[in-house]
Amino acid sequence: MTIGEWAARLRYRYVPDHVVGEVLGRRWMDNVIPVTLLIALAIFLATAIPNFTAVGNISDIARQIGELGLIVVGLTIVMLAGGIDLSVGSNFALANVTALTLINVAQWPIEAAIAATIGVGALVGLVNGFLVGFLRLRAFLTTLVTLTLIRAVVDLLLEVYSVRIATGTVDSSLWDFVGAGSILGVPFSFVLLIVIAIAGHFVLTRLRVGWRIMAVGGSRRAAYNAGISVPRTVCLTYVVSGILSALAGTLYASRLSGAGPDTGIGLELTAITAALIGGNSVGGGRGSVGKALMGTIIVSLLMNGLVRLGLQNGASSMVIGAVLLMAIAIDVRWTRWRQSLRAKVYVSPGYLALPRAPLFVSDPSSPYAMNDRLRDVEVIGLGEVDGPEDVILDPDGNLYCSVRQGDIVRFLAPDYVEREVYAHVGGRPLGMAFDKDGGLVVCIGGMGLYRVDKLRKVQKITAETNRSRLSIIDDSRMRLADDLDIAPDGKVYFSEATIRYGFEEWVVDALEGRGNGRIIRYDPTTGVTRTILRNLLFANGVCMAHDNKSFLFAETWACRISRYWLEGLKEGTTEVVIADLPGYPDNINRGSRGTYWLGLAGTRTPSYDMAMTMPAFRRRMARRVAGDEWLFPNVNVGCVVHFDEKGGVIETLWDGSGDNHPAITSMREHRGYLYLGGVTNNRIGRIKLADVDPDWTGPASYWGESCWGTRR
Amino acid sequence: MNQLTRAIDSWFGRGEASITIPPMDGAFRPNDHLDLAASNLEAPAPDCLAVTTQGVIVSSDRSLLRVDKPHGAEIASFDMAISALTGLPDGGAAVGLVDGRIVFVGGERGGTTLAKNPDIACITALTPASDGALLVANGSATNGPAAWKRDLMEKNASGSVWRIDRQGRASCLAGDLAYPYGLLEDAGSLVVSESWRCALTRISSSADGRKEPVLENLPAYPSRLSRADDMTIWLALFAPRSQLVEFVLSENGYRARMIREIDADYWVAPCLRSGLTPLEPTQQGGVKQLGVLKPWSPSRSYGLVARLDPAFRPTASLHSRANGRRHGVTSCLMVDKRLFFAAKGDGIVASRTYEGLAS
């Protein structure tokens, strides 16, 4: 190995390139800009303004944050559903006047007055909601009109009541507490905001109505198609916004007890600025209450700081306007930029030096030497199956295969002409195995581990495992469960090919050639799913050894078969059984007389092997060359390897021209025949075997001759 | 500034460094006209076609065969493989051998041999000049005709065009050509197909051998040129350009290692017939789906013949696509309204009538 190769190996082993793309894919990346902004602003203000961090000042700011925050939370909820509410400022002023009139002039009890005020706010929200939600008027124009109308109402009310409001007095400790009280030293309004924010967060993230709001904002049409009542949901958000504005107005009334014509003027702009700078999207569907709070704090600190810095009133509006523009720009550009950057950097090839490939083409004495033994296989179901990744036979000889449409298709013995959909499981069913009760356990790409019982009822077994501590992407969900086998105690050992890609993108995982796969164990007695092996190079076939003390598994990109010990001295350790296959191993299955069958989905090529040791070359290829043009292992050739317990190769069956069976991904021995499946094929193959036990069947090998009780 | 832009472009793979190839569109819209042509002759490696008094003949490995006879009656055979062939005005033929000799068969100079010239070791095309001299395309200064793949992967442009008069005196008409693989006299000047530039280049007859592009940005690598009676020009293109190959050409590290460590048959490079062994590189889009190789899938080999008008503008083309069986066409000839072509990759000479097939 040259120094360059050695350096490349180290560099790709220890520099986690894949992390960048994964981090960019996380939703919490949306918070990076607001959090940075908040921290920078806080540091700047704390250093630039003396006494900025004094308790009194902080408490003042917190009280204002309480009022503004309620409005921003309401507005955020409207925006999440894809709308906008400009009337919040006027509504706030209306609530202020209403509360003061009811309390100072009409001398209503405080509780009743607050309830009535909130009712008025809700009514305004309902008007908005009705117009926008049910009549489908444009949110922007509608609320602009209600802004003006309500402002007019406020002015009328002020003309009548302003003097009496100013002269009226209130003597209520409750009202004073609302306006100036504190709980454990924290201003009441701020506490109220926190309580409402927590409740709002809970509703939005945990309750049905919250999910509906997010869905409507994400895509109105999709939400409608999913059966969500879009008008009602939209209307609801305006009502919530109205209520929260009224609540803020009430707090304001209790704090200042004054009604002037300029109350709440321009408040909508401040609220929108806060909502956007916090990272909520203008278009809806993306955002949270937490972001609203963060935005509120940023804007409040900024406004307060500007006043303390002695800026003119106009200048401070200008700063707010500038911040709003920035927020809009970030909202538009950030997501797009993040997605495009992620698309560029997500694929991160690794360094993979494979052992020298056996000379299967040029050396006729190689155990893998090419032949044409698979050229004349019998063909079953030609053109009737789309990609039978795995095939399996029951004791009666019926043939099951997992096909692309999400079905388990069954061909009936003995002639395999009659075909039926045994069960529709959805997803992309891949590996299959029978359990001791005759249930068919299936690995489904995109879904997890499922079981089809003898009555054809489909049940989920597991779709979640323990999350790795250092993984950035959430690897608890299964993305590409691939193949499984079942131990005598019922434990299911199954492989997940890669945690970074779904089934449709497995090709990209080939390009990466890094250890993204794993093996997972499901224990039926405890119901616990645990990952037992990680960092495998496309974990694929899994097969219990004949003595059940270990299982064999295939790592496709590594071109090797390994054994994991379940008991004995080597329990919990892995050892390599075949290190240098001539191609890419897929499923492993038991054969008669203590042997195993292995499908090779394709052959290694010198050009690809070399590319695997040049990660930068592959990364550039992924970016600059269209996916269809990518260099790829040769999967137009089919091969089956027959090997013994020690990994010694007994025979190899090739279809070199790939006319009948390119890309063999599975095979099963059954009563002297071998059945072949392929993930891109439109047929199942069957070939008569010599030198095997003509009575051997898979189910009997696993569960005994008289398995599953009755036999038809 | 230019240098800097180029460096930045090559780092990001954009601008001049972006990997683009011309699409098969316009006059190059795909069809399966080559696959529909009737087979005339199957031979190990039919390469170059010519018309002599014996009719249409073709070179295949070491022999010259008659195309119109069912089993390709052998006219002549040599101790070396033939790399180029042309018919002469007197009805004879000139044959270029891989070691650089030129042998005349039939006609008034029949039986004579021009000794090898050390400067002309890679004869890829021959054509008679109007004054009785012979024009010779020398593909590469460093690689023989069999090592054309290496010449491409080394990104050479060391080919040259020579004129050998009846006395055997050779003079160089132009050098620094990127694998000249076809010759055609045109209005006193010479048009050369430069394979690695995917272009046709005109070499003026003046002493300085000035070069000027005639047709550029071909979607495949051009080889021999011929002219039909109606003055249209027929161009054989022996392998398709592909994004992957262009990418590998831009990757110096990978290319150097590939040339050093891998057998040329298994290179990521164009070829006359792909898919012969499982050790060849394949591409993602070339995976058989449901037992079918899609005709539009990326392929390292292809069959293509283009029809150019007298001004060398492409007007139509005949194809054998990724799933076709007429790949690697190195020569084509229009005789009596019948188009003959030699698909070297698939070992077949076929012909069909051509009267403005819709492309």
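**Helices, sheet and contact**

Mentor: Helix 10 and helix 12 of chain A are roughly perpendicular (angles of 65 to 115 degrees) to each other. Before you ask away: this is a predicted model, where local features need pLDDT of at least 70 and side-chain atom pairs count only at pLDDT 80 or more, while totals for chains, interfaces and linings use all residues. Residues are numbered from 1 along each chain as its sequence is written, and chains are lettered from A and ligands numbered from 1 in the order in which they are written.

Trainee: At what angle do helix 10 and helix 12 of chain A pack?

Mentor: Helices here are DSSP runs of H or I with at least four residues, strands are E runs of at least two, and both are numbered from the N terminus. Helix 10 covers residues 208-218 and helix 12 covers residues 230-256, with their axes 10 Å apart. Axes are lines fitted to C-alpha atoms, for helices over the stretch in contact, and angles run from 0 to 180 degrees between N-to-C directions. The angle is about 105°.

Trainee: Which residues of helix 10 of chain A make that contact?

Mentor: Contact means C-beta atoms, placed from the backbone, within 7 Å. Helix 12 of chain A brings Val230(A), Thr233(A), Val234(A) and Thr237(A). Facing them from helix 10 of chain A are Arg212(A), Ile213(A) and Val216(A).

Trainee: Which strands stand at the edges of the open sheet in chain B?

Mentor: Four strands form that sheet in the order 2-3-4-5, with antiparallel pairing; a pair needs at least two DSSP bridges. Each edge strand has a single partner strand, so one side of each is left without a neighbour in the sheet. They are strand 2 (46-52) and strand 5 (74-77) of chain B.

Trainee: Where chain A touches chain B, which element of chain A gives the largest share?

Mentor: The contact takes 34 residues from chain A and 32 residues from chain B. Elements giving two or more residues on the chain A side are helix 17 (606-612), helix 18 (615-624) and strand 22 (631-632). The largest share, 5 residues, comes from helix 18 of chain A.

Trainee: What is the bridge partner of Leu631(A)?

Mentor: Strand 22 of chain A pairs with strand 20 (residues 282-283) of chain B, antiparallel over 2 bridges. In strand 20 of chain B, the partner is Gln283(B).

Note on methods. Two residues are in contact if their C-beta atoms, placed from the backbone, lie within 7 Å. Angles under 35 degrees count as roughly parallel, over 145 as roughly antiparallel, 65 to 115 as roughly perpendicular and the rest as oblique.
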